[in-house]
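Colleague: I'm new to this one, and I'd like to know how the labels get attached. Can you take me through it?

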Amino acid sequence: MDHLTVCVMDDIQAVVKGISSTIAWEDHQVQIVGTANNGEQGWCLLTEQEPDLVITDIKMPRLSGLELMKRASDAGLRTKFIFISGYSDFRYAQEAIKLGASDYLLKPFTPDEILGAVLKVREVIEGEQAQSRQLEQLEQKVESSSVYIRHSYLLGLLRQEVGGFMNENRWDELQIDLDSSNLQLMVIEVDGYTRCENTIHLDAEIVPFAVQNIVEETLNRHTRGVVLRESRYRLVAMFNTPASMTAPELLEECRLNVEQFSKKTISIGLGTIARRPQEVWSAYAHADKAIAYRFYSEGNCIFQYAIVERQEWVAPAYPLEKEKELFYALKCGNESTCHRIIDDILEEWQFSEGYPEPLTMIRLLSGLAFAIYRAFCDEITEEERMRLEADLMVLEEMRSLTFDGWKGYIKHFSSMGCEIMDKKRLTDVKQAIHKAQEFISMNLEENLTLNLCAQSVHLSPSYFANAFKKETGMTLIQYITKMRMEKAKDLLVAGIQVQEICQMLGYEDRPYFSGLFKKYCGMTPTHFRQMYLN
């Protein structure tokens with residue numbers, strides 16, 4: 001303890017002054033917080049200061065020291081008392097000890113006797129405080145242990161675990177403050193988080209606890225309830241049906257309060273009522289099935305099993321013809337067409353008769369994603385295949401994605417494939433144009449038509465013509481002419497006759513060749529040779 005607070009009371013002022021001022025109390029961490037000369041003043045001082053210790057004459061005017069101690073005890077004050085008296089009558093000492101006095105000193109006494117008595121009281125108080133702290137810590141541990149055991153038991157009920165689950169008396173043994181014959185179950189999920197997310201950050205840790213506190217406060221305002229944290233972003237609440245409102249109304253208040261006070265949204269699935277602890281797992285399974293329909297929404301809503309159970313639905317058919325059309329667009333790398341076909345397929349699924357069970361729809365969507373992947377497998381490199389497979393694995397794990405989330409991801413996945421195919425096609429075209437240039441270079445004496453050149457690299461004439469110009473910056477005719485003229489220069493320098501060069505480059509008409517050469521080089525073949533020789 002920091003300081004021992006002391007009040008001194010005696011009807012003789014000299015005694016009060018002597019005790020208060022003749023001892024260096026501060027050296028012993030003792031603080032005199034007040035003095036009094038009669039019992040009534042002493043009582044007012046005692047209630048005002050609530051000191052650790054009172055040193056008082058056992059007999060004082062208006063209110064004796066013994067009566068003062070009785071009042072303090074009745075008022076629940078934990079103040080210790082040291083009595084002093086000029087009377088050696090054993091009756092007073094006996095009464096003081098019976099009331100729990102810490103010490104009894106006869107006048108006259110020395111400062112050392114007073115100091116010794118006070119320090120003994122200090123040791124007693126410090127011992128009591130240490131014991132109190134230990135007891136408090138023990139109680140906290142017991143309470144924490146009890147809370148943990150209760151929560152473990154309740155989570156065991158949700159999972160239908162053996163052991164305590166089968167014990168009919170376990171509920172009462174754990175003193176769970178809920179009516180076990182009327183238990184409502186709801187599952188709560190924080191919107192905006194995926195179950196595969198592993199990144200730990202401050203917001204991710206605080207939000208679930210904030211939601212848990214808000215829901216607990218809302219429930220306990222109207223009924224009795226307990227909220228369990230089943231997983232990182234998933235809570236389960238068990239509560240008794242309130243008398244003042246329906247369960248859906250209570251859930252709506254929980255949803256609104258979370259949105260208002262945490263600035264986050266939640267989705268809630270309401271199950272059926274359990275009439276005994278052994279039925280909790282069934283009610284929980286119904287709540288879990290209800291919240292699964294969050295898949296078709298953007299969250300911040302409530303789903304009731306009683307409504308979901310009545311829905312009739314037919315599993316949507318898989319559109320094989322649309323899939324073939326999609327595969328063709330994928331192989332062509334046509335992103336816009338792919339997205340349009342995906343929209344058509346998903347719209348047909350989404351607006352089929354009723355809402356299919358979410359797990360059924362997830363399987364369809366997963367199947368579509370893998371079908372897109374298969375369309376690329378034969379066309380891509382090992383590195384590209386591994387990249388797409390990594391994305392597929394992430395998609396497979398993200399089971400809390402909504403329908404729109406899956407739609408966006410499948411489109412993104414198809415875009416990745418189209419990008420790969422487009423790059424591959426551009427690479428293939430470059431290689432084809434390069435091969436065509438080699439073919440032209442080796443066959444300059446032939447009649448090099450568009451059809452012949454396109455056929456040499458297995459491309460359609462129109463596609464080849466466009467691709468050739470895009471790659472080389474020249475039309476096919478311009479390129480062939482350029483190559484022939486450059487070859488003609490070499491032959492002229494080598495001393496080959498013009499007529500012979502015409503035949504070697506596929507020109508039958510010498511004047512036509514000379515005109516082309518002059519147009520290309522700015523001079524006739526003969527002039528070019530003379531200029532080179534000079």
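Predicted model: local features only at pLDDT ≥ 70, side-chain atom pairs only at ≥ 80, totals over all residues.

Colleague: Then why is glutamate 230 called partly exposed?

Modeller: Glutamate 230 has 21% relative accessibility. The buried label needs a value under 20% and the exposed label one over 50%, so glutamate 230 counts as partly exposed.

Colleague: And what makes arginine 234 buried?

Modeller: Its relative accessible area is 9%, and the limit is under 20%. So arginine 234 is buried.

Colleague: How do you know that the side chains of glutamate 230 and arginine 234 meet in a salt bridge?

Modeller: By the N to O distance, which is 2.8 Å. Arginine 234 and glutamate 189 are both buried.

Colleague: What about lysine 324 and glutamate 321: what makes that a salt bridge?

Modeller: The N to O distance there is 3.8 Å, and the cut-off is within 4 Å. Both residues lie in helix 11, three residues apart, about one turn of the helix. Lysine 324 and glutamate 321 are both exposed. Elsewhere, salt bridges that share partners join Glu189, Asp191, Glu230, Arg234, Asp288 and Arg294 into one network. The structure holds 21 salt bridges.

Colleague: On to the rings. Why is the pair of phenylalanine 517 and phenylalanine 528 called edge-to-face?

Modeller: The ring centres are 5.7 Å apart and the planes stand at 75 degrees. Centres within 6.5 Å make a pair, and planes over 60 degrees apart count as edge-to-face, so this pair is edge-to-face. Phenylalanine 517 lies in helix 20 and phenylalanine 528 in helix 21, so the pair ties together parts that are 11 residues apart in sequence.

Colleague: How do you know whether those two are buried or exposed?

Modeller: The values are 0% relative accessibility for phenylalanine 517 and 12% for phenylalanine 528. Buried means under 20%, so phenylalanine 517 counts as buried, and so phenylalanine 528 does too.

Colleague: Why is the pair of tyrosine 507 and phenylalanine 513 called tilted?

Modeller: Those planes are 40 degrees apart, with 5.6 Å centre to centre. Under 30 degrees would be stacked, over 60 edge-to-face, and the rest are tilted, so that is where this pair lands. Tyrosine 507 and phenylalanine 513 are both buried. Ring pairs link Tyr507, Tyr512, Phe513, Phe517 and Phe528 into a cluster. Arginine 484 lies over the face of tyrosine 507, at 5.2 Å from the ring centre.

Colleague: What puts the buried residues of helix 21 on the same side?

Modeller: Those residues are Pro525, Phe528 and Arg529. They cover an arc of only 95 degrees around the axis, which puts them on the same side of helix 21. They pack against helix 18, helix 19 and helix 20.

Colleague: Which residues have the most contacts inside the largest nonpolar core?

Modeller: Leu365 and Ile372, in a core of 39 residues. Helix 10, helix 11, helix 12, helix 13, helix 14 and helix 15 each give two or more residues to this core, and helix 13 gives the most, with 10 residues. Beyond its sequence neighbours up to four places away, isoleucine 372 touches residues including Leu326, Phe327, Ile342 and Phe413. A second, separate core has 30 residues, among them Leu448 and Val457.

Colleague: Last one: why does isoleucine 82 count as buried?

Modeller: Its relative accessibility is 1%, and the label needs under 20%, so isoleucine 82 counts as buried. Isoleucine 82 is found in strand 4. Leaving aside neighbours within four places in sequence, its contacts include Leu53, Ile55, Leu105 and Val118. The C-alpha atoms of isoleucine 82 and valine 493 are separated by 131 Å.

Conventions. Residues numbered from 1 in each chain as written. Heavy atoms only, no water. Core = buried A, V, L, I, M, F, W, Y, C linked by side-chain atoms within 4.5 Å. Buried < 20%, exposed > 50% of the residue type's maximum accessible area, 1.4 Å probe, protein only. Helix = DSSP H or I, 4+ residues; strand = E, 2+ residues; numbered from the N terminus. Contact = heavy atoms within 4.5 Å. Arc of directions from axis to C-beta. Phe/Tyr/Trp six-rings, centres within 6.5 Å; stacked < 30°, edge-to-face > 60°. Lys NZ or Arg CZ within 6 Å of the ring centre and 35° of its normal.
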